[in-house]
Amino acid sequence: MNSLSLYRDARLATLDGPEPWGALVENGAVLVGDGRIVWMGALPRLPSELAARVETEHHLHNAWITPGLIDCHTHLVYGGLRAKEFEARLAGLSYEEIAHAGGGIRSTVQATRLAGESGLLKTARQRLAALCADGVTTIEIKSGYGLSLVDEARMLQVARRLGHDGGVDVRTSFLALHALPPEFDGRADDYVAEACQWLAKLHEAGLVDAVDAFCERIGFSCAQVERLFIKARELGLPVKLHAEQLSDQGGAQLAARFKALSCDHLEWLSPEGVQAMAQAGTVAVLLPGAFHFLGETRLPPLAALQEAGVPLAVATDHNPGSSPLLSLRLAMSLACRHFGLTPEQALRGATVNAARALGLADRGRLRTGLRADLCVWAVDHPRELSYWMGGRMLTHRVLAGQEMLDA
Ligand code: NIG
Ligand code: FE
C-alpha cells in the first residue's frame, strides 16, 4: 500500500446508520490510503501497526469531518445565461409562458450549440470551481442543451473532461428528452426515435452513466419517455426522471416501473406516485433552488414521502433557467427552510442519499473500505452546514484520498 495519511484531532459525522448524523465520533481520526478509508474511529484506538505506517498527519483542531458532498442533479455545462428571463419572470411572466414564447430551455440550446467545446469548458470550469470550493466531491452533469447527436456528444465530452481534470468525480446523464429542438417542430415522436439511436451511440462511446428525461407538458409525455427507458434498459443503463415539477403526469409511476434510481423535483407528486417510488426503492431528489428561484408555492409531499420511507436527496439543479445556484450547502439550507428538512436530513440528502440517487455504493458515508472523499469543516457542529448562507468553512477537500488544494 502507498503512503498513509492521517486526519486527526477531528470530530466525525459518519452519516452511516440510522442514528442522528450516522454516528458522531469525538477525538476522531480517519486514515486514508490508496484512495480509500483504511481505518476510522476514536484516535486512541488506532492500531499501533497502522499508526507506525502513517506518513502524513493533518491536525484538524477539532474541526468536523463529513463525507464529501455529492451534487446528484446538475445541468452544469451550457452556453449563455438567462438573467433577462429572470427579469421577465419577476415582471410576471411564468416559466411555461417564456418556454412557449421560444425562450427557456430552447434559448440555452441555441447558445450551447454556438459556444463550442472550449467555450463550454471554460464556463463550466468556473462554475464547478464554486461548487467544489463549498464541498462537492462528486457531481452529476446532464446533457440536454445540445439536442442533436453532435451537440449532445459535445456536452457529455465536456462533462467527462471536467472529471478528467481531476478535481471532482463526474457522473453523466443523457437528457436529450429535455426539450424539442426547433428542427423537429411538430415531430416529437420522430425526435424520440432519433434520441434512442443517439443514446446507443453515446453509450458505446462511453459517455453515458444514466438516462434522464423531462416528463412534463412542456417536455415529453409518459409514452415518449417510456420508449427511451426501454432503450436504456436494453443497454443496461439506469434511469432517472424530472417528474411532476409543474404538473402531475404520472411520471413517477412510470419511472418506478423501470426501477429508476431517482425521481427529481416532485412538487406535483400524487399519493400513487409516492407509493410506487417507495416500492421501487427510488430516491426523491429535492431541488429547492428551482422551487425558490421560480417562486413556486406548491410543496413536494414531504410528509407522505417520509412516511413511506422514500430516501430524500438534495441537489442544486444548477442550470441557467430555473436554478443558477452554485452552492450545495445553500441548497441544503433552502431544503430546510422551504421543505422542512432538518439540517441532519439535509446533510444525508447531500451525501448518503445523493450517492444512492446516482447508484453509487462506494461513497456518501464515512466507513472503512469506502472511497476517501472527505470534507473538513471549521464549524462547531454539522448543523451549521445548513445554517450559514454562504461563507467559507471548508478547510480540506479530499478526493479519493488526494488532498485538493482549493479548500
Ligand atoms: O431541472 N425542468 C427542466 N430542466 C431544468 C431547467 C432547465 C432550464 O430552464 O434551462 C430543471 O429545472
Ligand atoms: Fe434539472
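Four strands form an open sheet in the order β6-β7-β8-β9, with parallel pairing; helices (H or I, at least four residues) and strands (E, at least two) are DSSP runs, numbered from the N terminus, and two strands pair if DSSP finds at least two bridges between them. β6 (69–71) and β9 (210–211) stand at the edges with a single partner strand each, so one side of each has no neighbour in the sheet. Helix α12 (residues 328–339) packs on this sheet and touches β6 and β7, where contact means heavy atoms within 4.5 Å. The direction of α12 makes about 80 degrees with that of β6; axes are lines fitted to C-alpha atoms, for helices over the stretch in contact, and angles run from 0 to 180 degrees between N-to-C directions.

Before going further, a word on the model. This is a predicted model, in which local features need pLDDT of at least 70 and side-chain atom pairs count only at pLDDT 80 or more, while totals for chains, interfaces and linings use all residues. Residues are numbered from 1 along each chain as its sequence is written, chains are lettered from A and ligands numbered from 1 in the order in which they are written, and side-chain values use heavy atoms, leaving out hydrogens and water.

Back in the sheet, strand β7 (residues 136–142) runs parallel to strand β8 (residues 169–174), paired over five bridges. Look for Ile139, whose bridge partner in β8 is Val170.

Now turn to strand β15 (residues 374–377), which pairs in the antiparallel sense with strand β5 (residues 64–67) over four bridges. Pro67 has Leu374 of β15 as its bridge partner. β15 also pairs with strand β16 (residues 394–399), again antiparallel and over four bridges, and here Cys375 is bridged to Arg397 of β16.
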